[in-house]
There are 6 protein chains.
Amino acid sequence: MTTDPDRQPPELPDGPPTALDLPPADPLPEDTAKYFAVCQDKLGMVPNVLRAYAFAPEKLRAFSGMYNDLMLAPSGLTKLEREMIAVAVSSINKCFYCLTAHGAAVRELSGDPKLGELMVMNWRAAALSERHRAMLLFAEKMTERSHKIEEEDRDALREAGFTDADIFDIASVAGFFNMTNRVASATDMRPNDDYHAQAR
Amino acid sequence: MTTDPDRQPPELPDGPPTALDLPPADPLPEDTAKYFAVCQDKLGMVPNVLRAYAFAPEKLRAFSGMYNDLMLAPSGLTKLEREMIAVAVSSINKCFYCLTAHGAAVRELSGDPKLGELMVMNWRAAALSERHRAMLLFAEKMTERSHKIEEEDRDALREAGFTDADIFDIASVAGFFNMTNRVASATDMRPNDDYHAQAR
Amino acid sequence: MTTDPDRQPPELPDGPPTALDLPPADPLPEDTAKYFAVCQDKLGMVPNVLRAYAFAPEKLRAFSGMYNDLMLAPSGLTKLEREMIAVAVSSINKCFYCLTAHGAAVRELSGDPKLGELMVMNWRAAALSERHRAMLLFAEKMTERSHKIEEEDRDALREAGFTDADIFDIASVAGFFNMTNRVASATDMRPNDDYHAQAR
Amino acid sequence: MTTDPDRQPPELPDGPPTALDLPPADPLPEDTAKYFAVCQDKLGMVPNVLRAYAFAPEKLRAFSGMYNDLMLAPSGLTKLEREMIAVAVSSINKCFYCLTAHGAAVRELSGDPKLGELMVMNWRAAALSERHRAMLLFAEKMTERSHKIEEEDRDALREAGFTDADIFDIASVAGFFNMTNRVASATDMRPNDDYHAQAR
Amino acid sequence: MTTDPDRQPPELPDGPPTALDLPPADPLPEDTAKYFAVCQDKLGMVPNVLRAYAFAPEKLRAFSGMYNDLMLAPSGLTKLEREMIAVAVSSINKCFYCLTAHGAAVRELSGDPKLGELMVMNWRAAALSERHRAMLLFAEKMTERSHKIEEEDRDALREAGFTDADIFDIASVAGFFNMTNRVASATDMRPNDDYHAQAR
Amino acid sequence: MTTDPDRQPPELPDGPPTALDLPPADPLPEDTAKYFAVCQDKLGMVPNVLRAYAFAPEKLRAFSGMYNDLMLAPSGLTKLEREMIAVAVSSINKCFYCLTAHGAAVRELSGDPKLGELMVMNWRAAALSERHRAMLLFAEKMTERSHKIEEEDRDALREAGFTDADIFDIASVAGFFNMTNRVASATDMRPNDDYHAQAR
């Protein structure tokens, strides 16, 4: 068991969160500073995606507003289901940041470490319910060839028990990670190292 | 010149904005009603994307917050440049809604109807400046294979004169339309008919 | 509303029709000169694709012979249907010339400007008859993965009411635009500016 | 060495040339009958592509006119070079008809059976001159993603010694086989069995 | 009929079998020398793939062991069926070595030269039995997008009469050529010239 | 933290290793039984890939022979480098079995859990040496489009310090996992649950 000498050392917790030279607003506006303190308190860290937006607090507010509505607000989808969509989409787009952070969330929310790995690696290898299979098939088609979605694709979700409001949420979450995956890759966004060992 | 009998009649201005059965909140919250009134006043219509979100005013607020920051707030990118990215990305994803609405915006902002068509059809056929070519090459790579973006791709933007804050904005706009293209296609979102004839 | 200073001025009507340095035969043979005069008279312009071939009148004759047979001769397909195939194929291949010229033809022949946009942007977003949907599905498969066409694909056309002669015509038109899209892109063929405003 | 019982017997020389029920014009027009007699005399067969068009003599004339100009008329490209393009394009599109007929032509014109196989299987495995490599790279890009062709692609041909007229011919031949490959696959066009053993 | 002056002369039978500078072990171990002598005796040549591995006799033994088990040992699949899979897979991967060597094997084993060409060019153009069609559809999906294989794909093979042991063999042969195709292309492995004329 | 009721319970350690009904030879041949006992002793488990082959001990011997030569025998590549190739290839092919088993091996051999995640998720996000970057670029091209590999690709490896024997090993390992990824997905091969928690 040898260390690979070619690998760089782990990022310091306060290293830059992306490859862009965009230092955080200094001082942080009060609401942002408070938000980060809450993160540190509840999560033990400030997720780097938030640190990445800290150079422009109004962008951080817009991003957080959308994220919180999609992933945390009441919905016909459980939080775990929303995280499963997040990871399945991120697997297609091969986004290191989102696979790391949301893979951990799937492990945590499900209490099933293997489920997190399955979403990262290949959701088809999981023994999923019909509901979850339909949900991920739709998210996959949205990711790979959204322009070919037709009414029969929406009907497949309805047949699996989803309401039209649920379909809107599936579409919104799958769409959102098609955004963040690309922003993260475009800026070389780096996930906090803490995620890797969480909920294994 | 004959009418194709197979085509359905044009959507009524108050027809459903998507294929989902999600009627607007009734009554609309005061801020939403006011926002729609401003749209009607300034644009002559309420864009259907806003009507699509009106079933859930808090989602509408989150979406509008992000949209307005990205497309309308001060930036090192002109509004036209942001619309050019929007359309070039939407062309790859073949999103009818976004190509229609933002193609009109490119025609309007540039005063050059042909430029709008070029962004919709194939931006490489346009005689673009090096700056705009670099910008659209990056947005294209983000759309087609974001996981292969590397430092040399960001450096190409820097060499074309973009700052790191500009790169963040290019990434954010290209990312955003990779989201909205997919949400629009997933829900069969229908653009207002008015766009087609605008700024021709 | 500002003009983008990076855009080049519109092509002069007698600017070169492609990026290749191939001036027209001088003088034009009598039949070619007459053909161009008829175009000018009936269409108000000589389409640039014809000007592109004018360096080699025998090539122009061969091309026109095939074009006229496919697009204008009697067929079980209406002229509009043939133009719909032309544009749907050109949308996949992102051919600026053909989308511009034949998008205008769809608008003109249908009297429905929105139908032209739908063919350019994403035919699946159009509310098409079963006949037209089957026709465009076949043309799309021919364009994207012709080697996987099987008898069941032809049978789907027969079930939609097409005869075997119609199938030959659908295949011929879809095939033809897979040729011209590529020749136009390979030579940077430039559509006449007049098309953009036609039949809006 | 056993015969596979699942294979159907070889096509009779007068079996239908495609999967479409389109019997030849009866009687054939005089010029067509004469053309077929010349083929039989010089080639020992009437190529099935001509028989496929015989249901509509005017279509046959248009197709032959274009084919003969492209493949047989004087050009800066040798006939062998045009056939090499034909086969390299057909290999990408996996067209059984064109690979069979034009693979035989490459073997025949070059006197090098292995060259025919290389064009059918993978032209990159051939030890080609810079000229031929540039020519096939351009034809390949036209076939796979024509919308991304730019001036630098044309310049690569110029640097390899091709004139602008030659570039037009390369584009025309590569374009033509992108048409015929698709028409052949769409109609299940069957090559004459004689080709397989020719010039081995 | 002219020779193309740009083509290099045919490889000498003792020219290097790949683009890598890896001369054979000297002397060859006894078992390898004997194996090569048997090949020469029975096939009239030592296949270049074996010569390519001769620099490392233990790698040759491992490769031959796997090859012989897959292609020559008793199986529910005939040897011809295994060769059909080999060629259909190699056609997708465009491997010159494997298409040449195993195309010859299909011609030889079937006594049907056209069948060999069909496997090389496009197996869908062959008039195959349901059994063979199911077999090649599975091998194709394994080659193009193995991560999307599901139980219904295996069930399609069972319905076509294959046992689970047969499915293992189909998977193993299709997998094996996805390996050798890539190794051959990665090393520019060159098939013996003798294959081209065999069993025509 | 709730358990998802839709997930099936974890596989029993003696559950079937694939979706195929192929029970192990009974009794196992002596060499196989001994091999499995050694695995159990040294690894704490018999890897399911070996159990999957146990229905046909001669196939198990052929597979193990090749595997052991490639991954464990002396080579210019370290064992970690070979595992990195294995995982990077498996990431493209989205093979759950290989990503799980060999992702664990990268974590174990490197002592760097994050490196294992990077290979699974997106190797481009890792801060790799030029040597490792060149190695994985070659393996990636072999996996995605091996038919386009040319001498310049091999030269890039030579410039990164690899010998021709090393190139053979890179090609062999990348090729091998393009086989096993497909066989694993084709048979729904299930990794031992123990891997998930190893070396985190």
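Which residue forms a salt bridge with E:Arg124, and how far apart are the closest N and O atoms? The partner is C:Glu150, with the closest N and O atoms 3.1 Å apart. (A salt bridge here is a side-chain nitrogen of Lys or Arg within 4 Å of a carboxyl oxygen of Asp or Glu.) E:Arg124 sits in the loop between helix H6 (113–121) and helix H7 (130–145) of chain E, while C:Glu150 sits in the loop between helix H7 (130–145) and helix H8 (151–159) of chain C, so this pair joins two chains. Over all chains, the structure holds 108 salt bridges.

## Ground rules

This is a predicted model, so local features need pLDDT of at least 70 and side-chain atom pairs count only at pLDDT 80 or more, while totals for chains, interfaces and linings use all residues. Residues are numbered from 1 along each chain as its sequence is written, chains are lettered from A and ligands numbered from 1 in the order in which they are written, and side-chain values use heavy atoms, with hydrogens and water left out.

Helices (H or I, at least four residues) and strands (E, at least two) are DSSP runs, numbered from the N terminus.

## How chains A and B are related

Two copies of a chain are related by a rotation about an axis and a shift along it.

## The A–B interface

Contact means heavy atoms within 4.5 Å, and by that rule 42 residues of chain A touch 42 residues of chain B. Of the interface residues of chain A, 100% are also interface residues in chain B, so the copies meet through the same surface. Together the two chains bury about 3700 Å², with 66% of it on carbon and sulfur atoms. (Buried area is the accessible area, taken with a 1.4 Å probe, that two parts lose on being put together, summed over both.) On the chain A side, A:Met66, A:Phe168 and A:Arg182 lose the most area to chain B, together 20% of what that side buries.

Across this interface there are 4 salt bridges. A:Lys59 forms a salt bridge with B:Asp169, with the closest N and O atoms 3.5 Å apart. H9(A) gives the most, with 16 residues. By class, the chain A side divides into 20 nonpolar, 10 polar and 12 charged residues. (Ala, Val, Leu, Ile, Met, Phe, Trp, Tyr, Cys and Pro count as nonpolar, Asp, Glu, Lys and Arg as charged, and the others, Gly among them, as polar.)

## Two domains inside chain A

Chain A splits into domain 1 (30–71) and domain 2 (77–197), with bounds that come from an automatic or database domain assignment. Their C-alpha centres lie 22 Å apart, and the contact takes 14 residues from domain 1 and 18 residues from domain 2. The area buried between these domains of chain A is about 1200 Å², with carbon and sulfur atoms giving 68%. In domain 1, A:Met45, A:Leu70 and A:Met71 lose the most area to domain 2, together 51% of what that side buries.

Between the two domains of chain A the count is 0 salt bridges, alongside 7 residue pairs in polar contact. Helix H2 (48–53) and helix H3 (57–72) of chain A each supply at least two residues of the domain 1 side, and H3(A) gives the most, with 6 residues. That domain 1 side has 11 nonpolar, 2 polar and 1 charged residues.

Most residues other than glycine have a negative phi, and most peptide bonds are trans. The peptide bond from B:Asp26 to B:Pro27 is cis, with omega near 0 degrees, and B:Pro27 is in the segment before helix H1 (30–43) of chain B. C:Ala199 has a positive phi, near 55 degrees, and is placed in the segment after helix H9 (164–187) of chain C.

Methods: Polar contact = N/O pair within 3.5 Å; in protein donor to acceptor, adjacent residues only side chain to side chain.
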